[in-house]
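This briefing goes through selected features of one protein chain.

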Amino acid sequence: MRNFILLPLLCLSVFATAQTLKDTVARLDSFFAAHSVGDSTPGGVLMISRNGQILYKKYMGLASLEHKTPITENTVFEAASVSKQFTATSILLLAREGRISLDDDVRKYIPQLPDYGETIRIHHLLTHTSGLKDWRNITYISGWPTGKRLYNQSMALDMICKQKSLNFMPGERYSYSNSGYDLLAVIVEKVSGMKFKDFVGERLLKLAGMNQSFFRPAHEQIIPHMASSYIQQNDQSYIHPLILDESYGAAGLITNATDLHKWVLFIEKGGLSEDIKKLRSTRFVLNNGDTITYALGGVHVMHRDNLIEINHSGLLAGFRAWTAYYPQSGLTVSYTSNNRNVITADMAKVIRNIFFGTNEVLGSNSPNVKQDTSYLKSISALYRGVTDNSWWIDVQYRNGVILHGNDTLKPISPAIFTNGTYRYKFEDGYLNLITAETDDKYKRAERFHPDQQHLASFEGEYYSDDADLAFSIKLIGDRLYSYRTSYDSVPLVPVYSDAEMTGFRTIHNGLRAVYHFEKDKDGSVIRLSVSLPRANNIPFRKN
């Protein structure tokens, strides 16, 4: 690892828990070493400042393993979803100028988007509350997921507009969706009359002094000083995943930690306007009155006790990026990397512990909570997703405790349990899985163990207009398989069954999926829907 800037003359008041700057450096170095970041590995750049004064800046690892090229101040990275801040701010800028309203119907600008019976407004796109299915995840069932085939903005728009249904009604829930941000980029172009990359470059990047940043060009073009991305395998070797992508809005910014630092300071110091700064951190209120952490500026605004953190992370191929700002202390953090090993959420905890002395141990077991064995056994069951039916939860009683997989659920009240940042609430045959953003409902269902004759009833040919895809489902031996082609299939593993549907699980190109079959009273399959994370209920009809 190579230190670029370390300021040893800072007073101790800068740090909440670290006794010396040397201790701070050691703790951060230890974190990166534990995540396999060294001089001969992919690496990254971490930059921390307070009120604009640099406290810590370190360049780590190699930009190219093939050429042994070190990461330097000129190296640039893919920012992935950190790009959303720039798309959101472009929209806020157009709204401040009176050229759009955040309450506008999205179909005013994108009329080819289906009419779902409820109005999707621009503020829904900004806050991931539109209900739109994430087009990127839909590609995983096609056999050509993003990263394996070149997708451009036109293809993304076409796939978004093919979806005849939503995950939920606008404003009802939060569900992260890249589709919304790609649509926002289209709106910027239609309203401004400029290419999106030019608008962002002229109206945002240039003003913020981000001289090394731009939205990515055509995939075949050479980008000077671009780091390569890497993913470490189980045998500790690295592979080199490519980014075949010409869509933009949800991702696409090429940048580095220095420029991202400039951006955060520029926007948080009111560089565009105080109104935009305020809107940037205005959190969205759902239809039911609940406030989520996602704000209009394409960032999360987290309230951790008395600490406010304005942040966003990004992940694409082997690239990671993260920005954070703590308004109480003026602490700014930016990070860009070509090493996927470093989990930015874990790095954020280390930084908060160092600079703010936070204690983030959640869900500890209360000694006053006494559990009745009969109750624990009564909630031991399989629960299928209702609000997000791309997953299920198998809760099992074992040796006096409740388990979800290998994780012990710790009781904090008779019907509420915790595991890390998750809360599990059991009530009347339902389980609610609660996080800071979501409250997903799961319904008790029977574990499904069909015989060969039962499995044969699901065979058939299925087609989806929404995914433009055909499946042939066949019974081979004692297992069902879903075939896209004669040489491309995935096994369907039975999971649950209830009066409404029967669910099978599988993996499409590394992404989980649940096949839901619905039958009529005679036992014949009448429809199939496939649910993926952030893209539920893709309909297939049986031919």
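**Helix 8 and the other features**

Ala257, Thr258, Asp259, Leu260, His261, Trp263, Val264, Phe266, Ile267 and Glu268 are the buried residues of helix 8. The model is a predicted one. Helix 8 is mostly covered, with 10 of its 12 residues buried. The points below are grouped by topic.

**Helices**

- Helix 8 has 12 residues and spans 16 Å from its first C-alpha to its last, close to the 16 Å expected at 1.5 Å a residue.
- Just after helix 8, glycine 270 has a positive phi of about 80 degrees.
- Helix 10 covers residues 344–356, which makes 13 residues.
- From first C-alpha to last, helix 10 reaches 17 Å, close to the 18 Å expected at 1.5 Å a residue.
- The buried residues in helix 10 include Thr344, Met347, Ala348 and Val350. Ile351, Arg352, Ile354 and Phe355 of helix 10 are buried as well.
- Glycine 357 follows helix 10 and has a positive phi, near 65 degrees.

**Salt bridges**

- Side chains of opposite charge can pair when their charged atoms come close.
- The model has 22 salt bridges by the rule used here.
- Glutamate 268 and arginine 280 form one of them, with the closest N and O atoms 2.9 Å apart. This pair links distant parts of the chain, since glutamate 268 is in helix 8 (residues 257–268) and arginine 280 is in helix 9 (residues 274–280), 12 residues apart.
- Both glutamate 268 and arginine 280 are buried.
- Lysine 162 forms a salt bridge with aspartate 158, and their closest N and O atoms are 3.6 Å apart. Lysine 162 and aspartate 158 are 4 residues apart in helix 5 (residues 153–162), so about one helical turn separates them.
- Lysine 162 is partly exposed, at a relative accessible area of 29%. Aspartate 158 is also partly exposed, and its relative accessible area is 42%.
- Arginine 541 and aspartate 465 meet through their side chains in a salt bridge of 2.7 Å, N to O. Arginine 541 lies in strand 34 (residues 535–542) and aspartate 465 in the loop between strand 27 (460–464) and strand 28, so the pair ties together parts that are 76 residues apart in sequence.
- Arginine 541 has a relative accessible area of 42% and is partly exposed. Aspartate 465, at 37% relative accessibility, counts as partly exposed.

- Strands of a sheet pair through backbone hydrogen bonds, either parallel or antiparallel.
- An open sheet of 3 strands has the order 6-12-8, and its pairing is antiparallel. Strand 6 (77–78) and strand 8 (214–215) stand at the edges, each with a single partner strand, so one side of each has no neighbour in the sheet.
- Strand 6 pairs with strand 12 (residues 253–255) in the antiparallel sense over 2 bridges.
- Glutamate 78 stands opposite isoleucine 254 in strand 12.

- Strand 28 (residues 469–476) and strand 29 (residues 479–485) run antiparallel and are joined by 5 bridges.
- Lysine 474 stands opposite tyrosine 481 in strand 29.
- Strand 29 pairs with strand 30 (residues 488–497) in the antiparallel sense, over 5 bridges.
- Strand 29 and strand 30 also form a hairpin with 2 residues between them.
- Tyrosine 481 stands opposite proline 491 in strand 30.

**The second largest pocket**

- The second largest pocket has a volume of about 470 Å³.
- Its lining comprises 20 residues, and His219, Ile223, Met226, Leu242 and Ile243 lie nearest the centre of the pocket.
- By class, 12 residues of the lining are nonpolar, 5 are polar and 3 are charged.

Key
Residues are numbered from 1 along each chain as its sequence is written. This is a predicted model: local features need pLDDT of at least 70, side-chain atom pairs count only at pLDDT 80 or more; totals for chains, interfaces and linings use all residues. Side-chain values use heavy atoms; hydrogens and water are left out. Two strands pair if DSSP finds at least two bridges between them. On a 1 Å grid over the protein atoms alone, a cavity is a set of points where a 1.4 Å probe fits but cannot get out, and a pocket is an open set with protein on both sides within 12 Å along at least five of seven lines; lining residues have an atom within 4 Å of a point. Grid points are joined across faces, edges and corners, and a volume is the space filled by probe spheres set on the points. Ala, Val, Leu, Ile, Met, Phe, Trp, Tyr, Cys and Pro count as nonpolar, Asp, Glu, Lys and Arg as charged, and the others, Gly among them, as polar. The expected span of a helix is 1.5 Å times one less than its number of residues. Buried means under 20% relative accessible area, exposed over 50%, partly exposed in between (1.4 Å probe, protein chains only). A salt bridge is a side-chain nitrogen of Lys or Arg within 4 Å of a carboxyl oxygen of Asp or Glu.
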